[in-house]
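Work through these exercises with the structure open beside you. Try each task before you read its solution.

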Amino acid sequence: MLQERVEGKWLDCFRRVLALNGIGKGTPIAILHETQSRPVLVQLCELAAHDLGAEFCLIQMPTPRQTAPVPVKSTGTSWALQGNRAVIEALKQVEVILDCTVEGLIHAPEWPEIEGAGRTRLLVITNEHPEILERTEPRPELGPKVQLGIQMLREASQMRVTSALGTDLTVDLRGAPCGGTAGFGTTPGAVAHWPGGLCLAFPGQNAVNGRIVMGVGDMNLTFKTCLTSRIDITIEQDFITAITGDGIDALHFREYLEAWEDRNAFGMSHVGWGMNPGARWVSAAMYDKRDMQAVEFRAIAGSFLWSTGANQYAGRYTLGHFDLPMRNCTIALDGRVVVQDGVLQGELA
C-alpha cells in the first residue's frame, strides 16, 4: 500500500495542472469534496490553489447512503450534492470547481444546471493515488491531438470497430454529441478530468449494432480487473441482447447487469478511443484496487473504449454502468482508419 501524504513533487504537479486549467492569482475556485474523498487530493488542491494565489473555498458534503442493489464504482456520477440548493448556487459563482468527489460530477444530475449558468468550468481530479496522477499529468501538447480526434468524430457519419478476435461493431454517428478532454480547459462550461486524453461520442437511438469480443487483457473498469477469459457480446439497436463466455468474467458481467432489473443498464452509453501516451495497461498489475479509480485505463493511447449505462442524449438514465477499454482493435471513421490494431494512426499518433 502506497503512503498518502503530501509530497513536494506532487504539489509541484498539482500547481502545473491547476495553472494549465487557467487558475492563477484571484481566480475564484471551489474545492468540492465529500466525507469519503481521498484526503491527500483535497490537501494538494488547497496548497496548490494557495500557492497560485487563487481565491478558493472548500466545500465538503456528506457521502450519501448506498441505495443500489450492487456496489457502484467508477461511474462519473457523484450523488454527493444531493440537490442542495445552497451548494449548487455557490458553485455557480466560481470560475472553476476542483472536483475531488469520489465519483466525479461529470454525469451528476446537478452539473447541467451549474454549467448552464454560464460561468463555471469543471476539473475532475479522479480518485487516484497521487502517484498515478503524477505519471498521467496532462501536457499542453496533447490538447491539439485530442481536439483533432474530436473534430474527426464530429465530421464522421459512421464508426466501425473490428478486431482479430471477432469484434465487428457499427455505430451511427450522425447527430451524436462528441467530446473529450486532454485534462484541461479554460472556457466556461469546459469539462476536464485528470487523467485525461480521450475522444468519444454518445450515439443516439437505434445507432449501435454488432458484436464485441473482449479478450484476455481487456479491462472491466467497474470491477477494476483485467479479463482472464473471453466475453462475447451481441448488441442490437443499442442494447446488449446476449453475453456468452465460459469464464468468471462473462458471469460477473452478466450478473451485475441483471442485478439492476433495468433494461437501460444494458444500453450503450459512449464509444471512443484513448489518447494519453502516459497511460499504461500494465499499471493495473502494479496497484491495489483501493489505490486507483481506474480512469487511467479509459485514456490509454490507441485503446477502444465503450461504455454501458446512462446516455442522456438517447434518453436513457440508469445507475448501472461499465467502462470497458479494449486492446488491439481497429477503428475506422467513414472508412478512414484512425486506430489500427490498437495503435493511433496519422496525425493522432
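**Exercise 1.** Which residues of strand β6 (residues 168-172) lie on its covered face, and which on its uncovered one?

*Solution.* Some ground rules come first. This is a predicted model, where local features need pLDDT of at least 70, side-chain atom pairs count only at pLDDT 80 or more, and totals for chains, interfaces and linings use all residues. Residues are numbered from 1 along each chain as its sequence is written, and side-chain values use heavy atoms, with hydrogens and water left out.

Step 1. Find the strand. Helices (H or I, at least four residues) and strands (E, at least two) are DSSP runs, numbered from the N terminus.

Step 2. Recall the pattern. In a regular strand the side chains alternate between the two faces of the sheet.

Step 3. Sort the residues. Leu169 and Val171 make up the covered face of β6. Asp168, Thr170 and Asp172 make up the uncovered face.

**Exercise 2.** Give the strand order of the open sheet that has 5 strands, and explain why β7 and β17 each have a side without a neighbour.

*Solution.* Step 1. Read the order: β7-β9-β15-β16-β17, with antiparallel pairing.

Step 1. Check the ends. β7 (178-181) and β17 (322-326) stand at the edges, and each has a single partner strand, so one side of each has no neighbour in the sheet.

Step 2. Zoom in on one pair. β16 (residues 304-308) and β17 share 5 bridges in the antiparallel sense. Leu305 has Pro325 in β17 as its bridge partner.

**Exercise 3.** How many disulfides are there?

*Solution.* Step 1. Apply the rule: a disulfide is a pair of cysteine sulfur atoms within 2.5 Å. The count is 0.

Step 1. For Cys178 the nearest cysteine sulfur belongs to Cys199, 9.6 Å away, and Cys178 is in no disulfide.

Step 2. Check burial (buried is under 20% relative accessible area, exposed over 50%, partly exposed in between, with a 1.4 Å probe and protein chains only). Cys178 is buried at 12%. Cys199 is buried at 0%.

**Exercise 4.** Where does Ala279 lie, and which residues does it touch?

*Solution.* Step 1. Locate the residue. Ala279 is in the loop between β15 (268-274) and β16.

Step 1. Check burial. Ala279 has a relative accessible area of 4%, so it is buried.

Step 2. List the contacts (heavy atoms within 4.5 Å). Leaving out residues up to four places away in sequence, Ala279 touches Thr136, Glu296, Ala299 and Ile300.

Step 3. Compare chain and space. Ala279 and Thr136 are 143 residues apart along the chain, yet their C-alpha atoms are separated by 6.2 Å.

Methods. Two strands pair if DSSP finds at least two bridges between them.
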